[in-house]
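Trainee: I have a model open and would like to learn how to read it. Could you walk me through a few features?

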Amino acid sequence: MPKQALPLTVADLNGETPCCPPLAQGRVPAETAAILAPAFKALGDPVRLRLMSMIASAEDGEACVCDLTPAFDLTGPTISHHLRTLREAGLVDAERRGTWVYYRARPGILRQLAALLTVEPAVGS
């Protein structure tokens with residue numbers, strides 16, 4: 001059974017509708033900031049940022065923990081802790097297959113984070 005990320009409550013995280021205007025265009029509502037801050041915090045760690053990059057860029061759209069662990073000079077439990085943090089922040093989904101866990105990026109939340117950090121002026125400005 002897949003271990004799903006904790007549900008985010010920002011409406012429409014499928015990436016089709018931004019949750020809020022980019023930082024350069026308006027203030028982030030308090031509720032939205034509270035929802036997105038854990039994702040930014042999770043990505044603030046160099047190991048987790050590298051793990052997220054490896055998962056998001058995986059050829060098949062998912063990465064096995066067995067392929068992620070050797071890339072680091074860290075123990076398996078430490079890598080598992082970082083992956084759990086990414087999952088709890090809503091950045092990845094996890095699915096156990098036999099003895100291995102496979103991770104898949106959640107593109108909707110990544111698009112929301114990217115849209116929030118966009119600095120281009122609005123069209124017509």
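Mentor: Happy to! Let's start with exposure: buried means under 20% relative accessible area, exposed means over 50%, and partly exposed lies in between (1.4 Å probe, protein chains only). Here C66 is partly exposed, at a relative accessible area of 28%, while C64 is buried, at 2%. Keep in mind that this is a predicted model, where local features need pLDDT of at least 70, side-chain atom pairs count only at pLDDT 80 or more, and totals for chains, interfaces and linings use all residues. Residues are numbered from 1 along each chain as its sequence is written, and side-chain values use heavy atoms, leaving out hydrogens and water.

Trainee: Which residues form a disulfide?

Mentor: A disulfide is a pair of cysteine sulfur atoms within 2.5 Å. C64 and C66 form one, with their sulfur atoms 2.4 Å apart. The torsion about their S-S bond is about 130°, so this disulfide is right-handed.

Trainee: And in which sense do β3 and β4 pair?

Mentor: Strands are DSSP runs (E, at least two residues), numbered from the N terminus, and two of them pair if DSSP finds at least two bridges between them. Strand β3 (residues 92–97) pairs with β4 in the antiparallel sense over 6 bridges, and E95 stands opposite Y102 in β4. The two strands form a hairpin with 2 residues between them, and G98 in the turn has a positive phi of about 65°.

Trainee: What about β2?

Mentor: Strand β2 (residues 63–64) also pairs with β4 in the antiparallel sense, over 2 bridges. There, A63 stands opposite Y103.

Terms used:
Helix = DSSP H or I, 4+ residues; strand = E, 2+ residues; numbered from the N terminus.
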